[in-house]
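Biologist: Can you walk me through this one? I'd like to start with the strands and then move to the packing.

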Amino acid sequence: MVAPAVKREAVAHLRQVHEMSERRACRVIGCLRMTVRYRSRRTDDMALRERLRALARERRRFGYRRLHVLLRREGFVVNHKRLFRIYREERLMVRKRGGRKRALGTRAPIPVPLRPNERWSLDFVSDQLACGRRFRILAIFDDCTRECLAAVADTSLSGRRVARELDLLIGSRGRPRTIVSDNGTELTSNAILGWADQTRVGWHYIAPGKPMQNAFIESFNGRLRDEFLNETLFTSLMQARLALEEWRRDYNNVRPHSRIGWLAPAVYAANFSPQSGQGATLVEGSATWPVAPTVQDGNRQTLSATG
């Protein structure tokens, strides 16, 4: 199929080189005269293109949907289909990174918490400095508001250090009802077991080798690595901590999240209004969250505080 622009060029070539009339040239090419005479009425979108390119350079792992949300916040009135056309014309598509093959099988949805502080998730992410020295990041995530509550980077993170970070976080935000984590040695140590019993916080361990049971923090870890760790060169541990904290603030306050109506997590938390038996109500007229049914899994192990 030949595009209209190519047909116009062919008609112009016949008229100029072979001195044909417009009517005869259109008959030879097989196109309508109105197609040749058409003039585009599109408005000038140079400012939009420049801003889109600037945002894409600044946030290289954002697709056109998140860039669309950021542009709307800045006052650009543009349809998502038009933005996608410009996005493709500027060749700003995010290149997908290869991933490992995953086993197929039945997947059960994880229950969605209904209120902030109802469930936190913990996990570790590893990276290295430019000199080759390894360091780890402790990520603490609120599964309801999608906020990254803390991201602690250090070369060593023991169970006692994790307990201290949780105490600091509880002092400023409040105590969670449940914390979900894997079965790592730091999180199954006596320090964590004693801390959970002392603070009366239920600690839930997922089944070994089942990271999908802690899907919220695993999804966040993917964003952390794709948008920050893979895009940043760390020269020192202090520089890594400062850059990590800056990215965490941007994630909470600026970055639009697709599962909460494209709001930033902090904005969603500030406008949180739970309803009886339902999830949080999204602002701007969005529908309420569907709440997944509770899944019973005999392989799961739960540590509940007594008393």
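Modeller: Two strands pair if DSSP finds at least two bridges between them. Keep in mind that this is a predicted model. Strand 2 (residues 134-142) and strand 3 pair over 6 bridges, in the antiparallel sense.

Biologist: Which residue is the bridge partner of R136 in strand 3?

Modeller: D154 is the partner of R136 there.

Biologist: And which residue takes a positive phi in the hairpin of strand 2 and strand 3?

Modeller: R146, with phi near 65°. The hairpin has 5 residues between the strands.

Biologist: Is strand 3 buried or exposed?

Modeller: Buried: 7 of the 7 residues in strand 3 (residues 148-154) are, so the rest of the structure largely encloses this strand.

Biologist: On to the packing. Which residues touch the most other members of the largest nonpolar core?

Modeller: F135, I137, F220, L224 and F228, out of 23 residues in that core. Strand 2, strand 3, helix 9 (215-227) and helix 10 each give two or more residues to this core. Helix 10 gives the most, with 6 residues.

Biologist: What is I137 in contact with?

Modeller: Leaving aside neighbours within four places in sequence, the contacts of I137 include V125, A151, A153, L229 and L244. Apart from this core lies another, of 21 residues, among them V152, I179, V201 and W203.

Biologist: Different topic. Where is R255?

Modeller: In the loop between helix 10 (237-253) and helix 11 (265-270). R255 is buried, with a relative accessible area of 2%, under the 20% cut-off.

Biologist: What does the R255 side chain have a polar contact with?

Modeller: The side chain of E227, at 2.9 Å. R255 also touches F62, R66 and D250, among others.

Terms used:
Residues are numbered from 1 along each chain as its sequence is written. This is a predicted model: local features need pLDDT of at least 70, side-chain atom pairs count only at pLDDT 80 or more; totals for chains, interfaces and linings use all residues. Side-chain values use heavy atoms; hydrogens and water are left out. Buried means under 20% relative accessible area, exposed over 50%, partly exposed in between (1.4 Å probe, protein chains only). Helices (H or I, at least four residues) and strands (E, at least two) are DSSP runs, numbered from the N terminus. A polar contact is a pair of N or O atoms within 3.5 Å; within protein, one must be able to donate a hydrogen and the other to accept it, and residues adjacent in sequence count only if both atoms are side-chain atoms. Contact means heavy atoms within 4.5 Å. A nonpolar core is a set of buried Ala, Val, Leu, Ile, Met, Phe, Trp, Tyr and Cys residues joined through side-chain atoms within 4.5 Å.
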